[in-house]
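Trainee: Before I rely on any label for this model, could you take me through what stands behind each one?

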Amino acid sequence: MRVWGLSALKELDWQALQGRVFGFPTKDSPIMCQTILQDPAFFKFLLHIDQDHAATIRLRGCSRCGGPLHQAHYERKPRDAPSTWIEEKIRFSFCCGHCRCRCTPASVRFLGRRVYWGATVLLATALCHGRALRRSHPLSQSFGVPVQTLQRWRQWWLTEFTTTPVWQTLRGRFLPPVETHALPGELLQRTRSTILQDSMTQVMRWLAPLGTLTEGR
Ligand SMILES: [Zn+2]
């Protein structure tokens with residue numbers, strides 16, 4: 001797995017504020033950062049995290065009645081996932097053998113019902129920071145995400161996300177506080193790693209509970 005420095009994201013953030021993200025010859029261009037999202041090793045790693053977590057949840061049994069959890073996995077179809085990635089697209093889920101209640105564990109790959117990888121939502125929106133709508137077109141083309149979708153994601157980070165229990169819990173960990181307008185890019189900066197993949201993995205771990213309403217209810 002190729003390693004990208006987080007400094008590349010900081011540079012991109014600054015460049016985005018200057019409105020010339022695609023016009024600079026730095027070592028790690030946005031397109032190279034975006035390449036992380038096509039790196040099989042990165043998604044295998046995220047898959048393994050989800051597998052481990054799902055196994056832990058299954059061992060606990062049904063949170064309602066304590067019954068055994070049986071496999072009831074299903075396939076998601078992220079628009080930015082290569083068709084050859086079969087295992088990576090499986091959403092782990094279980095069904096109680098007694099009360100039939102479904103339990104879908106938190107995930108570092110999927111962010112709710114969005115039809116793109118959670119990592120895409122995170123990285124593309126982070127790179128949108130400070131960018132006017134008309135300047136989002138190159139980013140939209142690079143990520144294969146419509147401009148309107150990028151803008152909708154950005155609005156979600158600034159509004160709905162800030163009302164979630166995940167953010168209400170997470171925000172207290174940061175000193176100085178993370179300003180709402182700096183989401184989600186500032187989260188990547190606040191991880192302890194300087195490696196972009198590691199930072200993205202850490203942030204996706206923080207956000208993982210957003211992807212489930214049924215774990216531990
Ligand atoms: Zn049950």
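Predicted model: local features only at pLDDT ≥ 70, side-chain atom pairs only at ≥ 80, totals over all residues.

Mentor: Residues are numbered from 1 along each chain as its sequence is written.

Trainee: How do you know what confidence the chain has as a whole, and where does pLDDT stay under 50?

Mentor: On the scale of pLDDT, the predictor's confidence in each residue from 0 to 100, the chain has a mean of 84, and 82% of its residues reach 70 or more. Over residues 13-28, however, pLDDT stays under 50, and the model has 23 contacts beyond four places in sequence for them; a contact here requires C-beta atoms, placed from the backbone, within 7 Å.

Trainee: What makes up the contact of α4 with α9?

Mentor: Gly-118, Ala-119, Leu-122 and Leu-123 of α4 meet Met-200, Val-203, Met-204 and Leu-207 of α9. These residues divide into 7 nonpolar, 1 polar and no charged, given that Ala, Val, Leu, Ile, Met, Phe, Trp, Tyr, Cys and Pro count as nonpolar, Asp, Glu, Lys and Arg as charged, and the others, Gly among them, as polar.

Trainee: What makes the label for α4 and α6 roughly perpendicular?

Mentor: The axes of α4 and α6 (residues 147-158) cross at roughly 90° and come within 9 Å, which makes α4 roughly perpendicular to α6. In this contact, Val-121, Ala-124, Thr-125 and Cys-128 of α4 meet Leu-150, Trp-153, Arg-154 and Trp-157 of α6, a set with 6 nonpolar, 1 polar and 1 charged residues.

Trainee: Why are β1 and β5 called edge strands?

Mentor: The open sheet has 3 strands in the order β1-β4-β5, with antiparallel pairing, and β1 (69-71) and β5 (102-103) each pair on one side only. Pairing requires at least two DSSP bridges between strands, and β4 (residues 94-96) and β5 have 2 bridges, with Arg-102 in β5 as the bridge partner of Cys-95.

Trainee: What makes Arg-100 and Pro-176 worth a look?

Mentor: Most residues other than glycine have a negative phi, and most peptide bonds are trans. Arg-100, in the loop between β4 and β5, has a positive phi of about 70° although it is not a glycine. Pro-176 is joined to Leu-175 by a cis peptide bond with omega about -5°, and Pro-176 lies in the loop between α7 (165-170) and α8 (185-190).

Note on methods
Contact = placed C-beta atoms within 7 Å. Helix = DSSP H or I, 4+ residues; strand = E, 2+ residues; numbered from the N terminus. Axes fitted to C-alpha atoms, helices over the stretch in contact; angles between N-to-C directions. Parallel < 35°, antiparallel > 145°, perpendicular 65-115°, else oblique.
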